[in-house]
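Here is a briefing on one protein model. Keep the sequence and the coordinates open while you read.

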Amino acid sequence: MKIISRRRIYASLLSLSLSSAIASAQQPMMVNFVRPGESNPQGAYLSDCVDVSPQFPGGEAELIRFLNQHRNYPRDAYEMGIQGRVVCGFIVDVDGTILNASVHRGPCRSLGAEAIRLVEAMPRWEPGRIHGQKVPCYYLLAIPFRL
């Protein structure tokens, strides 16, 4: 009878879980959304599952500059000393427009409303791509609010 160590069992389980994760990562994951004026749901790829992720014009440094220039701290959150990050999700469509902006998590409603206002005020993004073709992508963005 052959005795197998716990370390070998854990290594085997880890390799099995990694191989299944890699296999599932090869197929791009999608979420459904509805474009304005349409009634049929469309599919959007998760931004981590595309070859080229959507990008704010000018890159991440320009995105931070845009947020800092256009962010207005809500009065009630300021007076109550509320701060934190608001996580927003939105679709970057094939033409770069922002659709279906929503708050996933945030410290309060007023900070969430300001984050949505910022996202909807953004210029057109560079869309995501799969095999060189533009595709709609779902993107998550954390917007910080600090006093």
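Predicted model: local features only at pLDDT ≥ 70, side-chain atom pairs only at ≥ 80, totals over all residues.

Residues are numbered from 1 along each chain as its sequence is written, and side-chain values use heavy atoms, with hydrogens and water left out.

**Aromatic pairs**

- A search of the whole structure finds seven aromatic pairs, where rings of Phe, Tyr and Trp (its six-membered ring) pair if their centres lie within 6.5 Å.
- Planes under 30 degrees apart count as stacked, over 60 as edge-to-face and the rest as tilted.
- The F56 and F66 rings form a tilted pair, because their centres are 5.6 Å apart and their planes stand at 50°.
- F56 sits in the loop between β2 (42-46) and α2, and F66 in helix α2, so this pair ties together parts that are 10 residues apart in sequence.
- Both F56 and F66 are buried.
- W125 and Y139 make an edge-to-face pair, at 4.9 Å centre to centre and 65° between the planes.
- W125 belongs to the loop between α4 and β5 (128-130) and Y139 to strand β7 (residues 137-145), so the pair ties together parts that are 14 residues apart in sequence.
- One aromatic cluster is formed by F56, F66, F90, W125 and Y139.

**Helix crossing**

- Helices (H or I, at least four residues) and strands (E, at least two) are DSSP runs, numbered from the N terminus.
- The axes of helix α2 (residues 60-70) and helix α4 (residues 109-121) come within 11 Å and cross at roughly 125°.
- Axes are lines fitted to C-alpha atoms, for helices over the stretch in contact, and angles run from 0 to 180 degrees between N-to-C directions.
- α2 and α4 are therefore oblique to each other; under 35 degrees counts as roughly parallel, over 145 as roughly antiparallel, 65 to 115 as roughly perpendicular and the rest as oblique.
- F66, L67 and H70 of α2 meet E114, R117, L118 and A121 of α4 in the contact (heavy atoms within 4.5 Å).

**Around R85**

- R85 is found in strand β3 (residues 84-92).
- R85 counts as exposed, because its relative accessibility is 57%.
- Leaving out residues up to four places away in sequence, R85 touches R105, G106, P107, A142, I143 and P144.
- The C-alpha atoms of R85 and P107 are separated by 7.1 Å, with the two residues 22 apart along the chain.

Note on methods
Buried < 20%, exposed > 50% of the residue type's maximum accessible area, 1.4 Å probe, protein only.
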